[in-house]
Amino acid sequence: MQFKRILVTGGAGFIGSAFVRFLLNSGHHAVIVIDKLTYAGDLARLEEVKGKYKFYKANICDKTKIDSILKREKTDIIAHFAAESHVDRSINDATPFIDTNVKGTQILLDASRKNKVGKFIHISTDEVYGEIPNGKFSETSPIRPNSPYAASKAAADLLVQSYIRTYKFPAIIIRPSNNYGLWQYPEKLIPLAILRILDGSKVPVYGKGLNVREWLYVEDCVAGILKIMNKGKIGEVYNLGSTQEGRNIDTVKLLLKTLGVSQKRFEFVKDRLGHDIRYSLNSNKLRQKLSWKPETKLAQGLRFTVAWSLKHKVWLKSKLKDINRLYR
Ligand code: NAD
Ligand code: TDX
């Protein structure tokens, strides 16, 4: 059987690496990874599949390099995960978000057109819709991003849509909800909370902890992405959410219970600027048309994540200096 050649940008990141491991562990052999290895990229995530993929350390903003990699690799499919992904960092400085998420995506799109890539899977986010106090976002809801991160991802999402319309570019857009699970960088709520507990301190909860997120276990997310990549319709948008919604305070308390520590090991801290109150996706299109459903309930996913974290304390703690600098 001839395998399709799949190029994964951001394959050393949290979700991208889970996607690469998923592909290689299910027997797919032609995987190429491009990653700049920013603070968020780490090849330790790909250690278990070492030698089974081809790696390029490259910045997606480097047009010459991206062009030459695409020309050489003759890829059938690109799965584009590479991004600056953290809202709090985008509030501190939007510059790398515009560079990578907007400009980098445009460079990748043009290189893909030039090299006749057959399918482009664009990983967008639920945050492009903005917040929704009640109800759910469907794929046709307006794009109203609120943070600099979300605005940069919305710009990329709209660019992809413009290429689909203008050039009949063969792309599919996926908008996942909040992911959690193994190997997530401990700047995001769940791994940060675990790191703080391991470090003997308290979990910082923004505001009064009333903001709601829809938590998707990363393995379920990559299974959904693979399904859309193989069976999704070119030119379409797919929401990818779990329906496992929770207020942050409840999610943190469930996590504290899973860790077996006191329910009081958290503190309310200054709220995030412009903090979106709630994200919630209607993912019926993916469920009904492509028969995908998440397998992992939040309580179970948190148990897996905690068990993994206890085994990978050294890796988590190796990021502590960077986290203390970010949140000082
Ligand atoms: P991450 O921050 O863990 O990983 C991003 C990866 O991209 C890193 O390996 C980094 O080194 C690489 N990268 C950054 N800039 C680059 C550049 N200029 N050139 C090449 N590589 C570069 O992010 P993640 O959480 O794995 O998110 C992956 C994608 O999914 C992103 O596009 C993000 O917007 C989207 N997304 C994430 C979530 C979530 O909850 N984490 C939810 C919805 C959508
Ligand atoms: O210390 C914290 N305390 C806290 O209360 C942190 C880091 C976060 N929070 C809150 C903010 C959010 O309401 O927890 C919630 C989740 O925060 P993050 O983990 O930073 O994720 P969020 O801002 O919701 O964005 C995530 O989901 C969509 C990802 O980071 C994005 O990449 C993705 O696109």
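I take helices and strands as DSSP runs, a strand being at least two residues of E, numbered from the N terminus. The model I am reading is predicted.

**Entry 1. Residues with positive phi**

I looked up Leu37 and placed it in the loop between β2 (31-35) and β3 (54-57). Its phi is near 55°, a positive value in a residue other than glycine. I noted this because most residues other than glycine have a negative phi. Leu37 has a relative accessible area of 26% and is therefore partly exposed.

I then turned to Lys74, which lies in the loop between α2 (63-73) and β4 (77-80). Lys74 is not a glycine either, yet its phi is positive at about 45°. Its relative accessibility is 62%, so I recorded Lys74 as exposed, the cut-off being over 50%.

**Entry 2. Surroundings of ligand 1**

Which residues are closest to ligand 1? I found Ile15, Asp35, Ser85, Tyr149 and Lys153, within a shell of 28 residues. The shell divides into 13 nonpolar, 12 polar and 3 charged residues. Helices α1 (14-25) and α5 (148-167) each contribute at least two residues to the shell around ligand 1.

The side chain of Ser85 places an N or O atom 2.7 Å from an oxygen atom of the ligand. Ile15 takes part through its backbone, with an N or O atom 2.8 Å from an oxygen atom of ligand 1. Lys36 also uses a backbone N or O atom, which lies 3.1 Å from a nitrogen atom of ligand 1. Taken alone, ligand 1 exposes 830 Å², and the protein buries 97% of that area.

I noted side-chain contacts to oxygen atoms of ligand 2. An N or O atom of the Thr125 side chain is 2.7 Å from such an oxygen. For the side chain of Arg213 I read 2.7 Å, and for that of Asn178 2.9 Å. On its own, ligand 2 has 650 Å² of accessible area, and the protein covers 94% of it.

Helix α7 covers residues 218-231, 14 residues in total. From its first C-alpha to its last it reaches 20 Å, close to the 20 Å expected at 1.5 Å a residue. Its buried residues are Val218, Asp220, Cys221, Val222, Gly224, Ile225, Leu226, Ile228 and Met229.

I followed Val218 to Thr296, 78 residues away along the chain, and found their C-alpha atoms separated by 9.4 Å. Thr296 belongs to the loop between α9 (284-290) and α10 (298-311). Its relative accessible area is 12%, under the 20% cut-off, so Thr296 counts as buried.

**Entry 3. Cysteines**

How many disulfides does the model contain? With a cut-off of 2.5 Å between cysteine sulfur atoms, I counted 0 disulfides. I also checked the exposure of two cysteines. Cys221 is buried because its relative accessibility is 0%. Cys61, at 24%, is partly exposed.

Key: Residues are numbered from 1 along each chain as its sequence is written. Chains are lettered from A and ligands numbered from 1 in the order in which they are written. This is a predicted model: local features need pLDDT of at least 70, side-chain atom pairs count only at pLDDT 80 or more; totals for chains, interfaces and linings use all residues. Side-chain values use heavy atoms; hydrogens and water are left out. Helices (H or I, at least four residues) and strands (E, at least two) are DSSP runs, numbered from the N terminus. The expected span of a helix is 1.5 Å times one less than its number of residues. Buried means under 20% relative accessible area, exposed over 50%, partly exposed in between (1.4 Å probe, protein chains only). A residue is near a molecule or strand if one of its heavy atoms lies within 4 Å of it. A polar contact is a pair of N or O atoms within 3.5 Å; within protein, one must be able to donate a hydrogen and the other to accept it, and residues adjacent in sequence count only if both atoms are side-chain atoms. Accessible areas come from the Shrake-Rupley method with a 1.4 Å probe; for residues, only the protein chains shown count as cover. Ala, Val, Leu, Ile, Met, Phe, Trp, Tyr, Cys and Pro count as nonpolar, Asp, Glu, Lys and Arg as charged, and the others, Gly among them, as polar.
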